[in-house]
Amino acid sequence: MKKVFFLVVLWSTLGFSQEKLQAKFDKRVELMSIVFRLVGNEEYSSNYNQEYVNEINAHFQNVKNHKFISYIQSIRNQNGLGYDAVMSFAVHLQHNGKYSLVKEATSTLDTRWKKVDKKKFIKLLNEFNKDSQADVFFQNHLEYYNKVAGSFNSILENFNQNWYQNYYGVSSNEKYNLILGFANGGGNYGVKVHPKNQQLIVNAIMGVWDFDKNTGEAVFSVKDHLPTLIHEYNHSFINHYLDSKQNMDLLAESGEKIYQVQKEEMNNQAYGNWITLVNESLVRASVVRYLIDTNETEQTVEKEIQTQINRGFLWTKELSDLLGEYENSRDKYPDFGSFYPRIIQFFNETAKNINQIKSDFESKRPVVLSIDQFKNNATDVNAAIKEIVITFDREMNEKRMSIHFGESGKEHFPLAGKPEFVNDNSAIKLRLDLKPETEYEFILRSGFLSKEGYPLVDYFVKFKTSKNEQL
């Protein structure tokens with residue numbers, strides 16, 4: 001997903017033509033994104049693209065209570081209709097005057113749609129499409145869609161699309177789509193579809209979340225967007241292995257044990273079960289392998305590993321090393337599926353040691369030692385104080401900091417001016433703007449990193465000033 005979060009490409013070593021991967025607009029994806037925005041799904045309700053969101057709200061205002069929207073609201077929770085399930089349905093649609101589901105060669109629709117009355121869903125979708133004049137909205141924005149897609153294409157020269165076939169050992173007869181989800185914000189998804197008598201289509205759906213502060217135009221960078229693209233394509237090659245009951249049964253106990261230890265970190269990223277944890281672990285470790293295989297610098301590889309460790313995937317380095325064994329033993333393991341028993345073994349061993357792995361990670365995280373002018377949670381702080389210094393237990397990365405409002409919001413945020421690291425980057429100086437007899441709070445978040453790259457343990461600062469300024 002974000003930070004989280006196009007034309008077709010077809011490549012092959014067996015003689016198929018190779019077309020250059022290009023970004024494109026897809027009205028199936030855009031329609032489903034907008035529908036689930038109206039339904040109220042949080043992951044489809046971001047406002048990064050504020051001007052475009054305003055235009056969506058204006059155009060679709062009259063159908064926000066449409067019977068199709070009401071129907072989805074009545075079925076979404078019990079079926080888990082959100083995130084990649086929405087995008088999976090989108091790419092299983094076809095449009096020949098009206099929307100319908102493609103006939104599949106093999107079942108690739110997300111299993112969360114299994115109990116949904118899909119005929120009724122499609123019928124109401126077509127009614128909504130007509131009543132909302134969605135096609136008119138899309139037609140009016142085609143120039144905008146094409147302009148943004150053109151901007152994205154500038155980063156694709158750095159993308160090695162052939163890597164997936166070589167790495168996973170898959171058939172050479174796949175078709176690759178790269179779709180921009182203009183209403184998806186930071187949401188990015190990897191979903192596939194296999195229409196009858198056609199090639200398997202692997203889709204990376206990329207959100208649009210970064211905008212120039214001066215021009216308001218979408219911005220794409222190799223640093224921020226290429227790893228996400230690499231990530232999302234991996235999902236289509238990995239997730240289906242846990243559709244196998246045998247693999248699921250062999251991983252269920254260990255997967256659940258690991259998930260329970262890392263539940264908070266996973267929930268913060270909307271990963272609600274052990275199956276997602278396992279798939280995300282493999283995708284992220286495979287991104288590391290991609291970086292290694294495409295000769296990225298050691299620093300880039302190490303940074304990617306540390307980023308994933310900090311996101312709660314504490315076993316990323318070891319899993320990546322294991323996948324390196326797979327790559328170096330392709331005579332024994334011709335494809336990813338043949339290696340999956342070793343992956344199951346890895347997670348079973350990780351589960352046995354997960355508490356120690358967690359403890360080792362926590363011991364490496366920096367913590368706050370002190371605040372120089374008062375103790376945290378004090379109720380008699382001098383309102384005349386203009387700055388404080390917060391000291392950490394180790395040297396910090398001077399380029400990384402993250403300070404957020406507390407639960408009481410912006411009006412209780414005391415900071416003014418730009419923070420700066422001091423004392424050889426082992427402390428941070430914060431400038432204050434305080435009023436007498438007022439409660440304040442803010443949070444130093446895990447965006448602070450130690451020099452070694454480990455995230456700060458979240459530190460909540462809360463205090464109240466005294467009735468009068470003390471000179």
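Student: Over which residues does pLDDT stay under 50?
Tutor: This is a predicted model, and pLDDT is the predictor's confidence in each residue. Here pLDDT stays under 50 over residues 1-18. The model still has 82 contacts beyond four places in sequence for residues 1-18.

Student: What is the mean pLDDT of the protein chain?
Tutor: The mean is 91. Of the chain's residues, 95% reach 70 or more.

Student: How do I read a nonpolar core?
Tutor: Start with the general idea. In soluble globular proteins, nonpolar side chains tend to be buried together. Now this case. The largest nonpolar core has 117 residues. Those with the most contacts inside it include M32, W113, Y233 and F336.

Student: Which residues does F336 touch, leaving out those up to four places away in sequence?
Tutor: F336 touches Y167, Y168, I238, Y241, L282, L323, Y326 and I343. There is also a second, separate core, of 24 residues. Among them are I371, F421, I428 and F442.

Student: And a sheet? In what order do the three strands of the open sheet come?
Tutor: The order is β9-β12-β13, with antiparallel pairing.

Student: Why is one side of β9 and of β13 left without a neighbour in the sheet?
Tutor: β9 (403-405) and β13 (459-464) stand at the edges. Each has a single partner strand, so one side stays without a neighbour in the sheet. From one strand to the next, the twist averages 25°.

Student: How many bridges join β9 to β12?
Tutor: Three, and the two strands run antiparallel. β12 covers residues 439-444. Look at I403: its bridge partner in β12 is L444.

Terms used
Residues are numbered from 1 along each chain as its sequence is written. This is a predicted model: local features need pLDDT of at least 70, side-chain atom pairs count only at pLDDT 80 or more; totals for chains, interfaces and linings use all residues. Side-chain values use heavy atoms; hydrogens and water are left out. Two strands pair if DSSP finds at least two bridges between them. Helices (H or I, at least four residues) and strands (E, at least two) are DSSP runs, numbered from the N terminus. Axes are lines fitted to C-alpha atoms, for helices over the stretch in contact, and angles run from 0 to 180 degrees between N-to-C directions. pLDDT is the predictor's confidence in each residue, from 0 to 100. Contact means heavy atoms within 4.5 Å. A nonpolar core is a set of buried Ala, Val, Leu, Ile, Met, Phe, Trp, Tyr and Cys residues joined through side-chain atoms within 4.5 Å. Buried means under 20% relative accessible area, exposed over 50%, partly exposed in between (1.4 Å probe, protein chains only).
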